[in-house]
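Let's walk through a few charge pairs and a helix packing together. Have the coordinates open and follow along.

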Amino acid sequence: MNPATRVVHPIEQESFRRLRARLDTSHVPPLTRAVVERVIHSAADLEYATDLVMAEHDLVTAHAALHAGAPVVVDVEMVAAGITRRETVCRLKDATSGPGLTRSAHAIRLAYEEVGPGALWVIGCAPTALEELLTLDASPALVIGLPVGFVGAAESKAALRESGLPAVSNVSEKGGSAVAAAALNALLYHPVSSEETS
């Protein structure tokens with residue numbers, strides 16, 4: 001889908017106008033700004049402005065990969081449901097749990113077997129899914145690691161940042177399917193520059 005053809009509903013336009021009236025993002029690089037604003041919009045939570053962690057150069061590379069057709073893998077169907085303009089891979093229905101392996105972690109293994117390296121991974125629910133991804137040699141285009149919860153969420157996101165992989169994460173325990181999908185949608189909706197297509 002060409003982002004230029006996306007019709008923005010007046011309610012969304014007004015929501016972003018109000019967001020920008022409360023938070024000045026004009027100094028933030030373009031893709032980082034897009035991610036920050038869309039995540040805040042999805043949760044109505046301005047604290048994400050200081051909680052999110054990402055690097056613009058990683059987003060530029062990921063944006064190009066996404067628009068060149070790189071696969072998008074999600075940990076749960078709720079994340080997939082929020083990404084309405086792109087097919088995603090979710091293997092949770094095929095996964096099983098076992099000793100030392102959660103169903104979410106097994107789903108990540110199955111997805112990697114399907115897509116191989118270079119995918120964009122969007123994890124918004126299960127910290128164990130993110131932990132499993134970090135054990136694989138997935139060479140991701142980007143990991144959107146925003147799982148939510150009191151057990152393992154903040155720790156898994158800290159491990160993601162320490163891994164050096166290109167990533168969008170946050171420091172706190174909050175996160176979830178809606179914000180993870182929003183981060184990916186920010187890259188989907190952002191226009192493709194002439195440099196990326198040449």
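A salt bridge here is a side-chain nitrogen of Lys or Arg within 4 Å of a carboxyl oxygen of Asp or Glu. This is a predicted model, where local features need pLDDT of at least 70, side-chain atom pairs count only at pLDDT 80 or more, and totals for chains, interfaces and linings use all residues. Residues are numbered from 1 along each chain as its sequence is written, and side-chain values use heavy atoms, leaving out hydrogens and water.

Q: Which residue forms a salt bridge with Lys174?
A: Lys174 sits in the loop between strand E5 (167-170) and helix H9 (177-189); helices (H or I, at least four residues) and strands (E, at least two) are DSSP runs, numbered from the N terminus. Its partner lies 127 residues away, in the loop between H2 and helix H3 (48-51). With N to O at 3.1 Å, that partner is Glu47.

Q: Is Glu37 buried or exposed?
A: Glu37 forms a salt bridge with Arg20, with the closest N and O atoms 2.7 Å apart. Buried means under 20% relative accessible area, exposed over 50%, and partly exposed in between (1.4 Å probe, protein chains only). Arg20, at 41%, is partly exposed. At 3% relative accessibility, Glu37 is buried.

Q: What is the handedness of the crossing of H6 and H7?
A: The contact (heavy atoms within 4.5 Å) involves residues including Ile108 of H6 and Leu133 of H7. A crossing is left-handed if the near helix is turned anticlockwise from the far one by less than a right angle, and right-handed if clockwise. For H6 and H7 the crossing is right-handed.
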